[in-house]
Amino acid sequence: MEFITVREKKFNKLINLVSVVIPLVIAVLFGVKLPNVEPLSFLPPIYATINGLTAILLVIAVIAVKQGKLLLHQRIMTGCIGLSLLFLILYIAYHMTSDSTTFGGEGIIRYGYYFILITHILHSIVIVPLVLRTFAKAYLKNFEAHKKLARYTFPIWLYVAVSGVVVYLMISP
């Protein structure tokens, strides 16, 4: 059984709060449209690119840690968290100024699109606490627990990043 320090308990409380607040805030802001604001229609390719870059950097970070380049791994992963935060800000800004784009495909591709979209959304909710807990374990220098949790966090985060790009490519005109 893993020993949890007082510091980690404090981190976990904050992580739990953030993990609940982020999806709730997104859900609320999704319904808010800023009046008299020009739609930020240029943002989707930018935040899709951020997702793609995050996916590439996640893979590079895993390669770095396997090669023992721990400082490089740490810097890349911190960058991935920053990119994910930037994505979130741009995503919210877009949806507060623009109507959602509907998928125009028909037939089996439509089912494929909605499967990818729904799994992307569900995994994007799950990934928030996983990333924060994984990061916290490394920050607190509990590297064994960090490594164990990262085995789950990495593939889910990679799926969210890649499926975000796929959803954008499938929906873009």
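A: The protein has 5 helices and 0 strands, where helices (H or I, at least four residues) and strands (E, at least two) are DSSP runs numbered from the N terminus. It's a predicted model, so local features need pLDDT of at least 70 and side-chain atom pairs count only at pLDDT 80 or more, while totals for chains, interfaces and linings use all residues. Residues are numbered from 1 along each chain as its sequence is written, and side-chain values use heavy atoms, with hydrogens and water left out.

Q: What pattern do you get along the sequence, and what box do the C-alpha atoms fill?

A: The pattern reads α-α-α-α-α. Taken along the principal axes, the box is roughly 50 × 30 × 25 Å.

Q: Which residues lie nearest its centre?

A: Phe87, Leu88, Tyr91, His120 and Ser124, out of 48 lining residues. The elements giving two or more residues to that lining are α1 (6-30), α2 (43-66), α3 (70-97), α4 (108-139) and α5 (143-171).

Q: Which element gives the most there, and how does the lining divide by residue type?

A: α4 gives the most, with 13 residues. The lining of the largest pocket has 37 nonpolar, 11 polar and no charged residues. For the classes, Ala, Val, Leu, Ile, Met, Phe, Trp, Tyr, Cys and Pro are nonpolar, Asp, Glu, Lys and Arg are charged, and the others, Gly among them, are polar.

Q: And the second largest pocket, what's its volume?

A: About 850 Å³. It has 25 lining residues, with Val65, His73, Met77, His146 and Ala150 nearest the centre. α2, α3, α4 and α5 each give two or more residues to that lining, and α5 gives the most, with 8. By type, the second largest pocket's lining has 15 nonpolar, 6 polar and 4 charged residues.

Q: Switching to packing. At what angle do α4 and α5 pack?

A: About 150 degrees, with their axes 7 Å apart. That makes α4 roughly antiparallel to α5, a label for angles over 145 degrees. Axes are lines fitted to C-alpha atoms, for helices over the stretch in contact, and angles run from 0 to 180 degrees between N-to-C directions. Their contact has 20 nonpolar, 9 polar and 2 charged residues.

Q: What about α2 and α5?

A: α2 and α5 pack at about 150 degrees too, with axes 8 Å apart. So α2 is roughly antiparallel to α5.

Q: Last one: how many salt bridges?

A: The structure holds 1, counting a side-chain nitrogen of Lys or Arg within 4 Å of a carboxyl oxygen of Asp or Glu. Glu8 pairs with Lys137, and the closest N and O atoms are 2.4 Å apart. The pair links distant parts of the chain, Glu8 in α1 and Lys137 in α4, 129 residues apart.

Key: 1 Å grid on protein atoms, 1.4 Å probe; cavity = no way out; pocket = protein on both sides within 12 Å on 5 of 7 lines; lining within 4 Å. Points joined across faces, edges and corners; volume = space filled by probe spheres on them. Parallel < 35°, antiparallel > 145°, perpendicular 65-115°, else oblique.
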